[in-house]
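Look at the sequence and the model below. The paragraphs that follow go through its strands, helices and charged side chains in turn.

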Amino acid sequence: PMTLRIEKTTDRHKTIIRLSGRLQSEHLDELKTQVDREQLPIALNLEGVTLVDIGVVRFLNACKKGGIELLHCCLYIREWMIRENAREG
């Protein structure tokens, strides 16, 4: 099974963290570390993400609320995020 790859690119204005593979709850500690380390605005590029779990959906919702841009987020993940937001009230 393909694990998660994290690639980071930074320009003067923004850091983009590109994720590919299966993004699971066990990867969140590492991802949070990468996010917390940044000074610039952050975008998560989810174009290569093939699978997520509920912990990741909640993390992505928290990122979005915190001003992190989500790029190329596929429809099933977006819909799951909306459902989870509605469920949490």
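Is Arg87 exposed or buried? With 55% relative accessibility, Arg87 counts as exposed, where exposed means over 50% relative accessible area, buried under 20% and partly exposed in between (1.4 Å probe, protein chains only). This is a predicted model, in which local features need pLDDT of at least 70 and side-chain atom pairs count only at pLDDT 80 or more, while totals for chains, interfaces and linings use all residues. Residues are numbered from 1 along each chain as its sequence is written, and side-chain values use heavy atoms, with hydrogens and water left out.

Begin with the strands. Helices (H or I, at least four residues) and strands (E, at least two) are DSSP runs, numbered from the N terminus. Strand β3 (42-52) is largely enclosed by the rest of the structure, because eight of its 11 residues are buried. Strands β2 (residues 15-23) and β3 run parallel and are joined by eight bridges; two strands pair if DSSP finds at least two bridges between them. Within this pairing, Arg18 stands opposite Asn45 in β3. Between β2 and β3 the chain passes through helix α1 (residues 28-36), and this β-α-β crossover is right-handed. That term means that, with the strands pointing away from the viewer, the path from the first strand over the helix to the second runs clockwise.

Strand β3 also runs parallel to β4, with three bridges between them. Here Ala43 has Glu69 in β4 as its bridge partner. To get from β3 to β4 the chain goes through α2, again in a right-handed β-α-β crossover.

His72 has a positive phi of about 55°, although it is not a glycine. Helix α3 itself has 14 residues and reaches 20 Å from its first C-alpha to its last, close to the 20 Å expected at 1.5 Å a residue. The expected span is 1.5 Å times one less than the number of residues. Just after α3, Gly89 takes a positive phi of about 85°.

Which residues of α3 are buried? They are Ile77, Met81 and Glu84. These residues lie on the same side of α3, because they cover an arc of only 70° around the axis, taken from the directions from the helix axis to the C-beta atoms. An α-helix has 3.6 residues a turn, so residues three or four places apart point the same way. What covers the buried residues of α3 includes β3, α2 (54-65) and β4, where contact means heavy atoms within 4.5 Å. On the other side of α3, Leu75, Ile82, Arg83 and Ala86 are exposed.

The whole structure has six salt bridges, each a side-chain nitrogen of Lys or Arg within 4 Å of a carboxyl oxygen of Asp or Glu. One of them joins Glu7 and Arg5 at 2.8 Å, N to O. Another links Arg58 and Glu88, with the closest N and O atoms 3.6 Å apart. Arg58 lies in helix α2 and Glu88 in helix α3, so this pair ties together parts that are 30 residues apart in sequence.

Glu84 and Arg87 also meet in a salt bridge, at 2.9 Å, N to O. Both lie in helix α3, three residues apart, about one turn of the helix. Glu84 is buried, with a relative accessible area of 4%, whereas Arg87 is exposed. Salt bridges that share partners join Arg58, Glu84, Arg87 and Glu88 into one network.
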